[in-house]
2 protein chains.
Amino acid sequence: MARKKGYNETEVLEKAMHLFWGNGYEATSMQMLEKEMGINKFSIYSSFGNKHSLFLESLKHYKLNVSNTLETLKSGTNGVSDIKQFFYDSINSNFKQGHQKGCLVTNTYNEFSKSEDHLIKEQMSIFMDNLKHIFIEKLKMDTSKNDSTILKQANYLLLAKHGLAAASRVNTKEEIEDYIEMTFNNI
Amino acid sequence: MARKKGYNETEVLEKAMHLFWGNGYEATSMQMLEKEMGINKFSIYSSFGNKHSLFLESLKHYKLNVSNTLETLKSGTNGVSDIKQFFYDSINSNFKQGHQKGCLVTNTYNEFSKSEDHLIKEQMSIFMDNLKHIFIEKLKMDTSKNDSTILKQANYLLLAKHGLAAASRVNTKEEIEDYIEMTFNNI
DNA sequence: AAAATAACTAAACGAACGTTTAGATAAAAT
DNA sequence: ATTTTATCTAAACGTTCGTTTAGTTATTTT
């Protein structure tokens with residue numbers, strides 16, 4: 001019938017994701033996206049609707065990428081040390097890729113914490129709750145803990161992830177490793 | 001000679017500070033500032049130069065407000081438990097004022113971590129380094145600790161402050177208190 | 001080869017941004 | 001009371017934002 005797309009949608013989405021990841025939603029302009037994705041504004045809009053839905057797709061793509069890490073975490077049988085390994089995995093993948101952009105979900109969570117964008121806020125809450133429940137399941141593997149302790153520790157680890165996310169944007173790998181060690185010292 | 005200002009510069013600066021504090025720099029528009037400060041754009045510009053310098057003044061004003069807390073921390077003689085009290089003080093002042101805006105410095109630190117605004121980034125670094133050194137001095141009060149441990153613990157507490165800041169924007173007071181308790185369990 | 005149609009380029013859209021300016025207003029000084 | 005001068009109002013500035021649209025190009029099908 002007619003001409004075929006000159007680009008791969010998954011490929012350009014990945015590039016958009018990295019841009020959002022590094023700069024956040026607001027600080028990423030359509031102009032920057034055009035340049036980074038290598039395609040025209042028209043093509044972006046025809047493929048992804050608008051900036052907001054492109055961001056949602058980027059988030060979805062990010063979660064798909066980390067879902068392996070999350071599955072590894074869930075399927076592990078070593079309780080707390082699995083969570084610790086999960087923390088290490090997330091910073092290792094950051095440094096291996098040569099960037100220090102932290103965690104896209106945590107970044108987004110922070111950027112939108114006071115916004116009125118309820119759709120994105122809800123998505124973030126779901127992701128965070130999900131992670132919290134995984135932590136709880138892991139902590140339950142240690143039968144010596146009571147439910148109250150487990151809840152507190154799960155919350156503690158979830159908030160520690162915020163510290164980790166902030167750190168993985170500015171601190172050195174050694175400082176981050178020290179932070180992880182200290183975080184798990186008392187659990 | 002002529003007419004007097006119809007507003008108090010310190011008062012309107014305080015209002016600007018609270019707006020920046022709650023929404024961040026970029027998400028706060030001149031229109032919002034006009035409304036919140038209760039004065040016209042012209043007055044804002046004639047009193048504070050531009051948005052950027054108004055933000056710098058807001059930061060300065062914020063630091064002046066927390067300087068009491070910081071002085072209390074420095075002058076204490078109880079080492080680690082002084083730091084713990086400092087953590088409690090900062091969240092208490094947040095909840096007492098009926099808002100959950102976290103810490104303006106930490107918010108700014110996060111918002112500008114990947115920006116090119118070197119002036120603000122430098123100011124943030126200075127503030128964070130300053131806090132870190134105070135933590136180190138506190139930790140030194142426990143003579144049983146060696147220098148390597150102290151450095152790691154200071155870094156840990158500084159990053160814990162990021163978790164605290166994130167928490168104080170979304171979590172309940174009880175969850176935040178639990179987080180603080182857990183943070184200091186292993187120090 | 002011609003017709004059809006989707007992908008492309010590039011220009012323009014209205015709205016909102018931070019900032020400036022011209023003119024009206026009001027209070028202090030003569 | 002008049003002059004002077006800083007403060008205020010309100011409109012407009014030039015940019016940039018996200019988004020749309022008209023017109024051109026290229027590829028597939030008839």
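Residues are numbered from 1 along each chain as its sequence is written, while chains are lettered from A and ligands numbered from 1 in the order in which they are written. In this predicted model, local features need pLDDT of at least 70 and side-chain atom pairs count only at pLDDT 80 or more, whereas totals for chains, interfaces and linings use all residues.

**Stop one: the domains of chain A**

Select residues 8-65 of chain A for domain 1, then 76-187 for domain 2; these bounds come from an automatic or database domain assignment. Taken over C-alpha atoms, the centres of domain 1 and domain 2 of chain A are separated by 25 Å. Six residues of domain 1 of chain A are in contact with seven residues of domain 2 of chain A (contact: C-beta atoms, placed from the backbone, within 7 Å). To find the domain 1 side, colour helix H1 (9-23) and helix H4 (51-75) of chain A, as each supplies at least two residues to it. (Helices are DSSP runs of H or I, at least four residues, numbered from the N terminus.) That side of domain 1 holds four nonpolar, two polar and no charged residues (Ala, Val, Leu, Ile, Met, Phe, Trp, Tyr, Cys and Pro count as nonpolar, Asp, Glu, Lys and Arg as charged, and the others, Gly among them, as polar).

**Stop two: a helix pair**

Next, show H5 (residues 80-96) and H9 (residues 173-185) of chain A, whose axes come within 11 Å and cross at roughly 165°. (Axes are lines fitted to C-alpha atoms, for helices over the stretch in contact, and angles run from 0 to 180 degrees between N-to-C directions.) The crossing angle makes H5(A) roughly antiparallel to H9(A), a label for angles over 145 degrees. The contact counts eight nonpolar, no polar and two charged residues.

**Stop three: chain A meets chain B**

Now bring in chain B: 25 residues of chain A are in contact with 24 residues of chain B. On the chain A side, H1, helix H8 (147-170) and H9 each give two or more residues, with the largest share, 12 residues, coming from H8(A). This side divides into nine nonpolar, 10 polar and six charged residues.

Finally, superpose the chains: a rotation of 180° with 0.0 Å of shift along its axis places chain A on chain B (RMSD 0.0 Å), using least squares on the C-alpha atoms of residues with pLDDT of at least 70 in both. That is the relation of a two-fold axis. Both copies use the same surface, with 96% of the contact residues of chain A recurring in chain B.

Notes
Contact = placed C-beta atoms within 7 Å. Parallel < 35°, antiparallel > 145°, perpendicular 65-115°, else oblique.
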